[in-house]
Amino acid sequence: MDKIFITRKLPEEIVQPLREKFEVNMWHSEETPMDYEDIKKEAKDVHALWTVLSDKVDRELIENLPNLKIISNLAVGFNNIDVEAAKEKGVMVTNTPGVLTETTADLTFALLLATARRITEAEQDIRAGKWKSWTPMQLTGMDVFGATLGIIGMGRIGEAVARRAKGFNMKVLYHNRTRKLEAEQQNNFTYVELETLLQESDFVVILTPLTPETKRMIGKKELGLMKETSALINVARGGIVDEQSLYDALLNKRIWAAGLDVFETEPVPLDHPLLTLPNVTVLPHIGSASIHTRLAMMQINAKAIENVLEGQEPDNRVV
């Protein structure tokens, strides 16, 4: 019987159908992650490995799993997996695109609004007893309606964010590896070079994958091009932004604010400099975190594993 190992505890309603066909073992905790050596030990003879985005699946691990046929990753991104090593070993890799598009776009816009209007800062002031009186300029933020939105990475989620921006009468600019001519016409957004996007946008939203080309693509130079009244919103991956440069830009008011759902190291250390700044709104990587979407993502992973172990081609194959 083929063996499956799941690196994080998932709802039994998702796992049970697999148990009826395969030998399934699962990590005991939803909140406590497995470390690298635990994965190597527990998965040593499995045919399918079901991972989450915090799991490091490198060449060494893949080469130590001789029976492995598929790695199914509970995320759209797969930068935690050495896909080249998997391809060389004939191991399929799948992800969960599409199903989380609208949910992540909702979160993106929620984070943009919270950053613009200083929502979490205001809530913290109330809880700390700092609200003593109404004042004319108390917690004043930036308008979203009629502002210019710049989207870096116009994939499915980027297009969904652009559609939401229509309701706020925003001018939408975008920069992408390739032009989206049909989508431009349908959604009334405009392609520009990255430099122009940074210079003209009131809100810069990062939605590009983390690749060698995009790693630290937003650094001191790029932040220096942004308006002093602008905000940077990152719901993609932390490594795309140079966090030290972002801290410096925010501290010295070269940009107005940032909203971050992702960090280069996750969970973000409590002593991280960005957490000391009042003009930073932070979330714990919850872009796709609706009940419906997370369960749908798990079902996609489970189906891909079932297909591969039964000799069928899976959907959402990366390699």
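## Salt bridges, a greasy patch and a pocket

Asp-202 and Lys-227 pair up in a salt bridge, with their closest N and O atoms 2.9 Å apart. Asp-202 sits in the loop between α9 (194-200) and β9 (203-206), while Lys-227 is in the loop between α10 (220-225) and β10 (231-234), so the pair ties together parts that are 25 residues apart in sequence. Helices here are DSSP runs of H or I with at least four residues, strands are E runs of at least two, and both are numbered from the N terminus.

Bear in mind that this is a predicted model, where local features need pLDDT of at least 70 and side-chain atom pairs count only at pLDDT 80 or more, while totals for chains, interfaces and linings use all residues. Residues are numbered from 1 along each chain as its sequence is written, and side-chain values use heavy atoms, with hydrogens and water left out.

Back to the charges. Side chains of opposite charge can pair when their charged atoms come close. A salt bridge means a side-chain nitrogen of Lys or Arg within 4 Å of a carboxyl oxygen of Asp or Glu, and by this rule there are 21 salt bridges. One of them joins Glu-184 to Arg-179 at 2.8 Å, N to O. Glu-184 counts as buried because its relative accessibility is 11%, whereas Arg-179, at 45%, is partly exposed. The cut-offs are under 20% relative accessible area for buried, over 50% for exposed, and partly exposed in between (1.4 Å probe, protein chains only). Lys-56 and Asp-58 also pair, with 3.8 Å between the closest N and O atoms, and Asp-58 is buried at 18%. Elsewhere, Glu-102, Asp-106, Arg-163 and Arg-164 are linked in a network of salt bridges.

Now for the greasy part. Leu-270, Leu-275 and Val-282 make a nonpolar surface patch of about 290 Å². Such a patch takes residues with over 30% relative accessible area and no salt bridge, with nonpolar side chains (Val, Leu, Ile, Met, Phe, Trp, Tyr) joined within 5 Å; areas come from the Shrake-Rupley method with a 1.4 Å probe. Leu-270 lies in the loop between β11 (257-260) and β12 (280-282), and its 82% relative accessibility is why Leu-270 counts as exposed.

Finally, the second largest pocket. A pocket is an open set of points on a 1 Å grid over the protein atoms alone, where a 1.4 Å probe fits, with protein on both sides within 12 Å along at least five of seven lines; lining residues have an atom within 4 Å of a point. This pocket is lined by 18 residues, and Glu-121, Leu-277, Pro-278, Asn-279 and Val-280 lie nearest its centre. The elements giving two or more residues to that lining are α6 (119-127) and β12, with α6 giving the most, 4 residues.

Terms used:
Patch = residues over 30% accessible without salt bridge, like charges linked within 9 Å, V, L, I, M, F, W, Y side chains within 5 Å.
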